[in-house]
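Q: Could you walk me through this one? I have the model open and would like to take it a piece at a time.
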Amino acid sequence: PFKLLSRTYFMSADANPNAQFFYFTSLVAWLMKTANHNGFPAPGQFDDPNATSTNVIEELKAMGLPTTGLAPTRIRQGHGEAVLLILSLLGDKALIAKGFSFAPIQYPTEKAEDLDALDAQREAEGTGGAA
């Protein structure tokens, strides 16, 4: 029943704000369930957006997620910074619940003499070096 999302769907207002809000709250319900939190049931398309927005914030608090600066009026829009923050937080929680983790970046270690040789080569070629 949902159309495919563009990368920017929740960044700005859609032509149908009610559908955008319903899509957002449905995605929130799915992410919460994926994160093993079943307190937020899938919304109905005709549920009161004010009550739904308040419930989203309450469930985020119950999950231990930061809610500072989140207001129901900002969520009710179905787009914008607050919506993107919620989706990001819930996405992270869902990934953690599924056992996904990011490994730290492993930078190659270079020996000082290798760097000195590279600097000497660049100076000889006239392509670099200290100014």
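A: F21 counts as buried, because its relative accessibility is 9% and buried means under 20% relative accessible area with a 1.4 Å probe, protein chains only. This is a predicted model, in which local features need pLDDT of at least 70 and side-chain atom pairs count only at pLDDT 80 or more, while totals for chains, interfaces and linings use all residues. Residues are numbered from 1 along each chain as its sequence is written, and side-chain values use heavy atoms, with hydrogens and water left out.

Q: And F24, buried or exposed?
A: F24 is buried, with a relative accessible area of 0%.

Q: How many aromatic pairs are there?
A: The count comes to six, where rings of Phe, Tyr and Trp (its six-membered ring) pair if their centres lie within 6.5 Å, and planes under 30 degrees apart count as stacked, over 60 as edge-to-face and the rest as tilted. One of them joins Y9 and F10, edge-to-face at 4.9 Å centre to centre with 75° between the planes, and both residues are buried. The F21 and F24 ring centres are 6.4 Å apart with planes at 45°, so that pair is tilted.

Q: Which residues do ring pairs link into a cluster?
A: Y9, F10, F21, Y23 and F24.

Q: Switching to α2, which of its residues are buried?
A: They are T52, S53, V56, I57, E59 and L60. These residues lie on the same side of α2, because they cover an arc of only 165° around the axis, taken from the directions from the helix axis to the C-beta atoms.

Q: What follows α2?
A: G64 does, and its phi is positive, near 80°.

How values were computed. Buried < 20%, exposed > 50% of the residue type's maximum accessible area, 1.4 Å probe, protein only. Helix = DSSP H or I, 4+ residues; strand = E, 2+ residues; numbered from the N terminus.
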